[in-house]
Amino acid sequence: MIEDLWYKNAVIYNLSLATFMDSDGDGVGDFKGLQRRLDYLHGLGITCLWLGPFQTSPMKDDGYDVADYYNVDPRYGTLGDFVEFTHACKQHGIRVIIDLVVNHTSDQHPWFQAARKDPDSPYRDWYVWADRKPANADEGMVFPGVQKTTWTHDREAKAWYFHRFYKFQPDLNTSNPAVQAELLKIMGFWIQLGVSGFRMDAVPFIIATKGPDVTTPTEQFGMLRSFREFVQWRRGDALLLAEANILPEDDLEYFGHDGDRCHMMFNFQVNQHLFYALASADGGPLIDALLATKPRPHSGQWGSFLRNHDELDLGRLTEPQRQAVFDAFGPDKSMQLYDRGIRRRLAPMLNADRRRLELAYSLMFTLPGTPVIRYGDEIGMGDDLSLPERNCARTPMQWSDEPQAGFTKSDTPILPVISGGVFGYERVNAAAQRRDPESMLNWTERIIRMRKECPEIGWGDFRVLKTTCPEVLALRYDWRNNGVVVVHNLSDGPREITLDVDGEGETSRLVNLLSNDHSEPDSKGRHPMVLEAYGYRWFRVGGLDYLMKRSEAL
Ligand code: GLC
């Protein structure tokens with residue numbers, strides 16, 4: 001297959017059109033607004049934008065309820081604006097990937113409308129129906145506590161339809177060849193308009209068998225191969241980034257043992273254990289998660305993230321681990337969601353403690369994978385817990401201390417801007433941080449620059465180094481005769497460690513990539529060092545001749 005593995009060392013930035021930048025004063029962000037902010041994003045150093053859904057939608061689930069796959073919702077602009085935007089991204093050297101939400105449609109989609117009206121409609125079989133209420137209708141809800149059932153009776157259809165998510169999101173019958181052909185057509189359409197790939201929403205559910213008699217759904221992995229073949233036939237470097245919160249034993253089924261299914265997946269396993277590590281200062285379970293998710297095909301890559309547009313799902317942790325994360329980062333019931341997660345943004349979870357924020361981000365940027373940042377996190381934005389469900393962490397981007405944070409000229413933004421207090425736009429905004437060399441924004445820019453100078457992390461193989469201290473996590477990456485060592489102190493106190501970084505027969509100097517505090521080996525070739533509370537270090541092994549070695553390698 002023709003491939004270009006650009007995603008191995010990309011820096012991905014996720015945003016939602018609605019709350020990023022409004023250019024026309026209607027209170028809703030749009031493509032023109034986003035386009036004006038490309039210089040900002042380029043300056044931050046990101047190389048790929050992941051756009052949340054922006055197609056025509058009743059917006060009952062932030063656009064994850066699509067009513068027309070081949071159009072831009074008028075609130076965001078037109079298809080013409082979209083193409084202008086992708087062109088501008090190209091000029092900035094920024095790739096664009098978009099959400100592909102094809103497990104379900106909106107119940108307002110003409111396909112569903114046709115299907116419910118007429119049992120003989122060709123679209124009837126595009127959805128999943130039952131004549132009687134299925135026995136498992138009260139099981140398998142994705143949003144427990146909010147969503148009551150997975151099967152809802154439709155009067156017009158005189159039948160029950162299946163919905164894995166909210167009831168206004170009827171599942172597509174993805175086993176139907178006509179539906180599969182349409183999915184490919186949707187991908188082809190957006191590729192033709194300039195996107196480099198897709199963040200595929202809810203992949204395990206797309207490929208699962210569905211129906212009233214299905215008690216244990218089975219995954220049809222062959223579908224993933226046909227998606228990948230199709231996108232790569234249309235565009236050799238197209239990316240499929242799967243949202244699949246699965247167990248490590250299934251990873252290779254999703255990547256494909258021969259690397260012929262998803263190019264990338266979000267590493268939910270590491271994400272949850274990372275939060276446990278931050279909460280407990282115990283790096284052990286995180287190391288287990290890193291090792292459990294290590295096997296992947298050469299072309300496969302993890303997406304490393306901290307927070308995203310959804311709740312922080314802690315469902316894969318043990319009960320005591322989950323409780324530890326709740327106690328540390330979301331003790332109040334109002335901070336929790338769906339019986340399994342925390343809905344807050346990162347900065348409030350970490351009490352706006354700069355040391356802890358840097359530690360968390362430094363980890364995210366140096367764990368095996370490609371980093372994915374959520375808009376606003378680069379300036380340490382907060383949340384608004386008075387908003388329902390996940391909306392609390394989806395408030396407008398805080399650009400400046402002008403009214404409505406400079407996001408819109410309207411007095412009624414689509415979601416309220418956070419104002420007042422520690423996280424209000426008066427204090428936390430991009431304009432102010434741009435002028436402050438020590439701001440979170442400028443720190444993020446510097447760390448992104450350094451991450452780009454460490455391609456070993458994206459390309460290389462890692463091993464866990466012994467640190468003599470369970471609260472300090474140390475990883476070493478090697479790629480083409482270059483080594484990078486990253487060390488993180490999870491604890492709230494200083495820790496003294498002795499690091500043994502070397503491969504056989506090597507006694508290397510460690511060159512600090514973030515300060516002038518380099519480390520010489522002791523007589524045994526080891527590196528004793530003291531890390532301050534929540535301290536972190538990025539080193540290049542060997543150092544002096546590294547530039548030489550690298551230029552040879554390239
Ligand atoms: C995914 C999205 C989430 C959405 C759901 C239904 O989990 O991340 O935001 O609500 O799919 O499409």
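Is I246 buried or exposed in this predicted model? I246 is buried, with a relative accessible area of 11%; buried stands for under 20% relative accessible area, exposed for over 50%, and partly exposed for what lies in between, with a 1.4 Å probe and protein chains only. The residue belongs to the loop between β10 (239-242) and α8 (251-255). Helices (H or I, at least four residues) and strands (E, at least two) are DSSP runs, numbered from the N terminus. I246 and P348 are 102 residues apart along the chain, and their C-alpha atoms are separated by 28 Å.

Residues are numbered from 1 along each chain as its sequence is written. The model is predicted, so that local features need pLDDT of at least 70 and side-chain atom pairs count only at pLDDT 80 or more, while totals for chains, interfaces and linings use all residues; side-chain values use heavy atoms, with hydrogens and water left out.

**Ligand site**

The ligand sits in the largest pocket. A pocket is found on a 1 Å grid over the protein atoms alone, as an open set of points with protein on both sides within 12 Å along at least five of seven lines. A molecule sits in a pocket if more than half of its atoms lie within 2 Å of the pocket's grid points.

The residues around the ligand are D61, Y64, H104, F143, F165, R199, D201, E243, H309, D310, R390 and R394, where a residue is near a molecule if one of its heavy atoms lies within 4 Å of it. By class, this shell holds 7 charged, 3 nonpolar and 2 polar residues. Asp, Glu, Lys and Arg count as charged; Ala, Val, Leu, Ile, Met, Phe, Trp, Tyr, Cys and Pro as nonpolar; and the others, Gly among them, as polar.

The protein covers 96% of the 310 Å² of accessible area that the ligand has on its own, with areas taken from the Shrake-Rupley method and a 1.4 Å probe.

D62 counts as partly exposed because its relative accessibility is 24%. Q404 counts as buried because its relative accessibility is 19%.

R540 is part of strand β23 (residues 536-541). Its relative accessible area is 2%, so R540 is buried. The side chains of R540 and E456 are joined by a polar contact of 2.7 Å.

T370 is in strand β16. With 0% relative accessibility, T370 counts as buried. Its side chain reaches the backbone oxygen of K8 at 3.3 Å.

**Residues apart in sequence**

| Pair | Apart in sequence | Apart in space |
|---|---|---|
| A178 and V102 | 76 residues | 13 Å |
| S299 and W459 | 160 residues | 9.4 Å |
| A281 and L490 | 209 residues | 4.7 Å |

A178 is in helix α5 (residues 177-192). At 35% relative accessibility, this residue counts as partly exposed. S299 is in the loop between α10 (284-292) and β12 (301-305). The relative accessible area of S299 is 10%, so the residue is buried. A281 belongs to the loop between α9 (268-280) and α10. A281 is also buried, with a relative accessible area of 13%.

Notes: On a 1 Å grid over the protein atoms alone, a cavity is a set of points where a 1.4 Å probe fits but cannot get out, and a pocket is an open set with protein on both sides within 12 Å along at least five of seven lines; lining residues have an atom within 4 Å of a point. A polar contact is a pair of N or O atoms within 3.5 Å; within protein, one must be able to donate a hydrogen and the other to accept it, and residues adjacent in sequence count only if both atoms are side-chain atoms.
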